[in-house]
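My entries follow the model.

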Amino acid sequence: MEEDDNQKRRRLKLEEALEIQSLRRIITAYLNYPDASEEDVRRYERSYRKLPPVHKDLLSHYPLKFQRLRRCISKNTHFIFSMLQAFEPPLDMSQDLDLSGDSHAECAQKDHLASQGINACSCESVPVRIPCCQHDCVEGSNDTCRSPVLVHANKEVDMESNHQSNAGSHPLCSMPTKESEEYSGSAITDSNDNVSPSGQHWLGPSFQFNVPLVDVDKVRCIIRNIVRDWAAEGKNERDQCYMPILEELNTLFPNRSKDSPPACLVPGAGLGRLALEISRLGFVCQGNEFSYYMMICSSFILNNSETAGEWTIYPWIHSNCNSLSDSDQLRPVSIPDIHPASAGITEGFSMCGGDFVEVYNDPSQEGTWDAVVTCFFIDTAHNIVEYIEIISKILKDGGVWINFGPLLYHFADMYGQEDEMSIELSLEDVKKVALHYGFEFEKERTIETTYTTNPRSMMQNRYFAAFWTMRKKSAVVQVP
């Protein structure tokens, strides 16, 4: 018995160390954004200098463009560093990470970094001042942690939570906004070019390490996702993807009671806009998100925005391809397009950080939800059959599943990782599995849309997304 307890303590210690390492890696990716972006500009300049003089004369405006790029990078960095300054990690980031004491540490470390997973988190209703959330724990842990974030209508939201000491909890964070921050020689300035020192010791160089450029690319992806969810420029894409869902919910639940509103879960909530819009309709809505990259950002926007249009970012500067003009590429985008705290959300709105399977495949979740909404989510599964089974379990009898999205399976091309499970069903097979788990189709159609696409780009990747409404008609008889 004592040996079992010791093993459990060692396992929890290892999981916590891996989570801290993973979170440091994500924070470092954000912090490396200005240096990686500066290196891109220097590469452009090196290419320009190689031109013969006659060609340089034709492109005499390029040095000015490079200066403009640097100013845009500085503005993006100001937003990122302010976001990090506000973030309060769920774990002690100053801990010394010693993974040498566990014989399985090296293997576990590889698995953890590959999966970028997150521990199970069960969310409870905890009063807070207004919305938010974010990612990266140890995949596969069954230890329960609490990471709730409630948003009260027309109030400012602080991220408070019943955070347990277990590795894997991701509370929505209170974010004291800072005008600027300095880190490892890279400074963030306010609109008056004033620089102030960092107030977060864990943002210092001693807590950082080298990360691959692909991690910084994830940061750039987050900046594009901000446009999709929180900018006026993303409205057309939101109308294509979110509006059909919102209209369907409004039709299916016409007589919503303020005293007992229907409960809706949004797995893969991303930066939180769809969950917030569902809450505005009069649902008790909970968003669930797996990615710390996403959760840190959504937390900042939901909890720390003081007004609409408070921030200016430049989301399209990192690609010189398919631009109609330099002014298109370097155009500013104001965020957020609405003030979340004044958006008229329904009391009980929350965001829960954690892996969907680990969080919701729990007896306490069975028969809990009136609706489950999945938008660009079901193809993130290692095992999509498991996703569908869990959605069926957590819905009440008669509850509805509304889905929107393609089947671009995230783990389909994990070359070099032979043990990485990826079940990649056709749409026809997805429907068959859903029928097996007690669903019946009510509506189905295909909708053409984009995802985080630059609307002024010469190249537009388009999806023909499956949109359906299914209803859980009866409990599933389990086959032994």
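I looked up F79 and F300 first. Both F79 and F300 are buried, where buried means under 20% relative accessible area, exposed over 50% and partly exposed in between, with a 1.4 Å probe and protein chains only.

I note that this is a predicted model: local features need pLDDT of at least 70, side-chain atom pairs count only at pLDDT 80 or more, and totals for chains, interfaces and linings use all residues. Residues are numbered from 1 along each chain as its sequence is written, and side-chain values use heavy atoms, with hydrogens and water left out.

**Aromatic pairs.** I searched the whole structure and found 20 aromatic pairs. Rings of Phe, Tyr and Trp (its six-membered ring) pair if their centres lie within 6.5 Å; planes under 30 degrees apart count as stacked, over 60 as edge-to-face and the rest as tilted. F79 and F300 make an edge-to-face pair, 5.6 Å centre to centre with 70° between the planes. This pair links distant parts of the chain, 221 residues apart: F79 sits in helix α4 (residues 62-86) and F300 in helix α9 (residues 292-304). Helices (H or I, at least four residues) and strands (E, at least two) are DSSP runs, numbered from the N terminus.

Next I checked F377 and Y387. They are stacked, 4.8 Å centre to centre and 5° between the planes. F377 lies in the loop between β9 (369-375) and α12 (384-394) and Y387 in helix α12, so the pair ties together parts 10 residues apart in sequence. F377 is buried, with a relative accessible area of 6%. Y387 is buried too, with a relative accessible area of 6%.

I also found one aromatic cluster, formed by F376, F404, Y451, Y463 and F467.

**Charges over rings.** The test is NZ of Lys or CZ of Arg within 6 Å of the ring centre and within 35 degrees of the ring normal. K56 lies over the face of Y48, at 5.8 Å from the ring centre. K65 lies over the face of Y62, at 5.5 Å.

**Strand β5.** Which strands pair with β5? Two strands pair if DSSP finds at least two bridges between them. β4 (residues 263-267) runs parallel to β5, joined by five bridges. β8 (residues 349-353) pairs with β5 in the parallel sense over four bridges. Q286 in β5 stands opposite L265, and its bridge partner in β8 is S350. Five of the six residues of β5 (residues 284-289) are buried.

**Whole chain.** I count 13 helices and 12 strands. Buried residues make up 54% of the 480 residues.
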